[in-house]
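Biologist: Before I plan anything around this model, could we go through it together, one question at a time?
Modeller: Gladly; please put the structure up and ask away.

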Amino acid sequence: MNNNLISVKGVSKVFKVGEENFTALRDINLEIDSGSFMSFVGPSGSGKTTILNLIGGLDVPTAGNIFFKSTKLSAMNRNQMAQYRRKNIGFIFQTYNLFPVYSVYENILFPLLLSGSKEKDARERVMNIINKVGLSDQVKKRPSQLSGGQCQRVAIARALVKDPLLILADEPTANLDSKNSLQILELMSELNQQYKAAVVFSTHDEKVTRYVRREVGLEDGKIISDK
Amino acid sequence: MIFFLFRGIFRDKSRFLFPFSVVSIGVALVVALVGFMEGVFMGMIDMTANLNAGHLRLVNKPFYDEEHLYPLDRALAAQKETKRWLKKNSTPDIEWTPRIRWRALIDVPDANGDTRSQTPVVGMALDLKSPNSSEIRRLQLAESLVKGQLPQDSNEMLMGNSLAKDLDVALGQSVTVIGQSFDGGLVADNYLVVGLIRFGVTAMDKKMVLIDLADAQSTFYMDDMVTDWLGYLPSSLSFDHYVKAKKNINSNLNTWRENPPKDWAKDDQPIALSILDQQNMGSMVKTFTVIKSSVVGIFTFLMILVLWNAGVLSGIHRYGEMGLRLAFGESHWKLILTLGIEGLLIGILGSIVGCVLGGTFAWYLQEVGLNMGDTFAKSGLMINDVVRAQLTLGGFIQGIVPGIFASVAGTLVASSTIFKRSEANLFRELEAG
């Protein structure tokens, strides 16, 4: 059985910066399996975030194609792309990007409401995931009342709550101290086993690379290693 | 989902308070200003209608053509028959009342009977002595009496307060009306000044006297004749209603002219006019409507401008949120739609508060009024010295609709910048922010 979730075929991405063209990715080919736990590793400007954006359907490649299962992302229109993200992708960010005016509970509820769920129907699901990330005593707090590690747990819960097939985590430990980073990685690893969602990191944090099962090295927009 | 978003708006005061305040203040200003303008203008219309124009007027065309000369010889005969005809040929909501407008000299004699003072006056004869006369109520004569009483016997007169001062006339003074009769002869008749009136309109207080219709018919030899029939409609009706009623009467008049009352002269030709046909009122109404629309339009435009800028600033502040929502799979259209609904909600709430604020101010001006007598003293305008605002449903609508429109339009114009941006751009700004 084909286990490919994402296929990246000959993808390049060129940005126009003023009069200059900046090539962020050059002829990238790779496949990501369902349930995988992997990272893109490389220095700043190596193309880590760009490849996450392309896979997440937030941007389109200049050349080449990305397939989600057998569906070509570049063939989708804006609405189909939004639906693709809504149903299949969870995002985790370096700066957490929680809604400051909403509580922990409401932040996690948001993706479900966006998918058309009613608040009362979604409540149990939200509370379950809050328990899983260990924030059951912080439900009503706002992000400003939480520590960085707690905020990232909320972000993880928010990414997982809609049961996506793929979670894209852009430098999720960059703003955390070592202890919190390790806790977050432990948690994500556990949840990856439990939820079977593929998790793709972009990182230059060595701690992350110790946890992942696959590490793709990027430099100047090219894959330099895949182990 | 939408209630969830509203929860966020109310918690984020920076997103809510500024546009809400702009809409509230804008709507309050429009409601108060429109109320004040309506009040002043409608006050002038009502005053003109009550005094001498009516909402509708039936008059002999030859009289109307030369009415600045007060040609009593062109008054309309057959008063009783005309009254019956008007009742039969117009809608029951119109109340018809006969008047004689006249002009004469008032001579005030001294103790020896020689002239002590004298001045030309404008006079109006109307029903002052019938029990429950609608004219007394319409011109608020009982309330306007400064001294004395309303006429109860023959040849009694009400005189403008300022005019009485100028002529040095006290209550109980006998004055002589010297004028021209219906058939062109000189008439002189004595009247007793029984009441001094303050109309509240400087032009009238200085020049006007009122006598009973029957007395005028006797003084000017106008038995069964009047110069005007004034028709009054309920004040809530629009100007369009006046025009419709006028057209209806004029079409019936054509038939009546074919078989006229025997006392009419051969060239008598009664015509129906609305207030809009008289004293340049039609043009004033048009000008007023343009000014009022311009004021509402300018305020709406300014509100849109401010809310647009507020929306852009708020939008920049919210690029992170927008990027996040797009990343989570909200479509551009849905995002813009929810922003539009946010604008609508803020517009509705702001409009409600604006209506309360503006309405309270306009209500105060309606009940208490603003005395502008000094300003109007030399203007000669037929306008009450105490101007009052007028609270109407239309005034509120003219505040609410632009308030909501400005809020939604301002938000949508600001949102268009989000619509044009790609997810990746917003996302990069989200990451940068």
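Biologist: What percentage of the 433 residues in chain B is made up of buried residues?
Modeller: This is a predicted model, and burial is judged by counting neighbours, a residue being buried if 20 or more other C-beta atoms lie within 10 Å of its own. By that count, the buried share of the 433 residues in chain B is 43%.

Biologist: How many Å separate the centres of domain 1 and domain 2 of chain B?
Modeller: The domain assignment of chain B places residues 2-48 together with 283-432 in domain 1, and residues 56-232 in domain 2. Taken over C-alpha atoms, the distance between the centres of these two domains of chain B is 50 Å.

Biologist: What share of the residues in chain B scores a pLDDT of at least 70?
Modeller: For the model as a whole, the scores are ipTM 0.84 and pTM 0.70. Chain B, with its 16 helices and 12 strands, averages a pLDDT of 86, and the share of its residues that score at least 70 is 91%.

Biologist: Which element gives the most to the side of chain A that touches chain B?
Modeller: The contact draws 18 residues from chain A and 19 residues from chain B. On the chain A side, α2 (78-88) and α3 (104-114) each supply at least two residues, and that side divides into 10 nonpolar, 4 polar and 4 charged residues. The element that gives the most, with 6 residues, is α2(A).

Biologist: How many Å apart are the end C-alpha atoms of helix α4 of chain A, and what should its 14 residues span?
Modeller: Helix α4 of chain A covers residues 119-132, and at 1.5 Å a residue its 14 residues should span 20 Å. The distance between its end C-alpha atoms agrees with that expectation, because they too are apart by 20 Å.

Biologist: Which residues of α4(A) are buried?
Modeller: What covers the buried residues of this helix includes α3 and α5 (148-160) of chain A. Just after α4(A), A:Gly134 takes a positive phi of about 75°. The buried residues of α4(A) itself are A:Val126, A:Ile129 and A:Ile130.

Terms used
Residues are numbered from 1 along each chain as its sequence is written. Chains are lettered from A and ligands numbered from 1 in the order in which they are written. This is a predicted model: local features need pLDDT of at least 70, side-chain atom pairs count only at pLDDT 80 or more; totals for chains, interfaces and linings use all residues. Two residues are in contact if their C-beta atoms, placed from the backbone, lie within 7 Å. Helices (H or I, at least four residues) and strands (E, at least two) are DSSP runs, numbered from the N terminus. Ala, Val, Leu, Ile, Met, Phe, Trp, Tyr, Cys and Pro count as nonpolar, Asp, Glu, Lys and Arg as charged, and the others, Gly among them, as polar. The expected span of a helix is 1.5 Å times one less than its number of residues. A residue is buried if 20 or more other C-beta atoms lie within 10 Å of its own, exposed if 12 or fewer, and partly exposed in between; C-beta atoms are placed from the backbone. Domain bounds come from an automatic or database domain assignment. pLDDT is the predictor's confidence in each residue, from 0 to 100.
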